[in-house]
Amino acid sequence: MDYVVVDLEPSIIDEAIDLAEKHGLRGADSLQLAAALEVGRQCASARLPLILVSADTELNAAATAEGLSVDDPNLHP
């Protein structure tokens, strides 16, 4: 498993604001989603899969709506 550090560039913050308004997300969740979308774009260009792992149903719904694959650990016994 690889981890990617995403700097909170102004473009990420702007996207987070848009996502918060679009999906009714809390601030931290919108930042997490904006960062995940940025990593997702990087992965897509390298043809690598990305799965957002989150137990937050609102975040998961927004991520799915934005085209990300999601895995909720609460769904696995």
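The side chain of D56 reaches the backbone nitrogen of L59 at 2.9 Å, which is a polar contact in the sense used here (N or O atoms within 3.5 Å; within protein, one must be able to donate a hydrogen and the other to accept it, and residues adjacent in sequence count only if both atoms are side-chain atoms). The structure is a predicted model, in which local features need pLDDT of at least 70 and side-chain atom pairs count only at pLDDT 80 or more, while totals for chains, interfaces and linings use all residues. Residues are numbered from 1 along each chain as its sequence is written, and side-chain values use heavy atoms, with hydrogens and water left out.

The backbone nitrogen of E58 lies 3.0 Å from a polar atom of the D56 side chain, and the side chain of R26 makes a polar contact with that of D56 at 2.7 Å. D56 itself sits in the loop between β1 and α3 (57–65); helices (H or I, at least four residues) and strands (E, at least two) are DSSP runs, numbered from the N terminus. D56 counts as buried because its relative accessibility is 17%, where buried means under 20% relative accessible area, exposed over 50%, and partly exposed in between (1.4 Å probe, protein chains only). Once neighbours within four places in sequence are set aside, D56 is in contact with R26 and D29, contact being heavy atoms within 4.5 Å. As for P73, 17 residues away along the chain, its C-alpha atom is separated from that of D56 by 9.8 Å.

D29 belongs to helix α2 and also pairs with R26, side chain to side chain, in a polar contact of 2.7 Å. With 10% relative accessibility, D29 counts as buried. Beyond its neighbours within four places in sequence, D29 is in contact with D56 and L59.

Now for the nonpolar interior. In soluble globular proteins, nonpolar side chains tend to be buried together. A nonpolar core is taken as a set of buried Ala, Val, Leu, Ile, Met, Phe, Trp, Tyr and Cys residues joined through side-chain atoms within 4.5 Å. The largest such core has 13 residues, and those with the most contacts inside it are L19, L33, A34, L37, L52, A63 and L68. At least two residues of this core come from each of α1 (10–23), α2 and α3, and α2 gives the most, with four. A63, setting aside neighbours within four places in sequence, is in contact with L33, L52, L68 and V70.

A pocket was found on a 1 Å grid over the protein atoms alone, as an open set of points where a 1.4 Å probe fits, with protein on both sides within 12 Å along at least five of seven lines; lining residues have an atom within 4 Å of a point. The largest pocket has a volume of about 580 Å³, the volume being the space filled by probe spheres set on grid points joined across faces, edges and corners. Of its 17 lining residues, D2, Y3, V39, L50 and I51 are the closest to the centre. Both α2 (27–45) and β1 (51–53) supply at least two residues of the lining, with α2 giving the most, six. The lining is made up of 14 nonpolar, two polar and one charged residues, with Ala, Val, Leu, Ile, Met, Phe, Trp, Tyr, Cys and Pro counted as nonpolar, Asp, Glu, Lys and Arg as charged, and the others, Gly among them, as polar.

V4 lies in the segment before α1 and, at 48% relative accessibility, counts as partly exposed. Leaving out neighbours within four places in sequence, V4 is in contact with V39 and Q42. The C-alpha atoms of V4 and Q32, 28 residues apart along the chain, are separated by 12 Å. G40, in helix α2, is buried, with a relative accessible area of 16%.

Most residues other than glycine have a negative phi. R47 has a positive phi of about 60 degrees although it is not a glycine. R47 is placed in the loop between α2 and β1, and counts as exposed because its relative accessibility is 78%.
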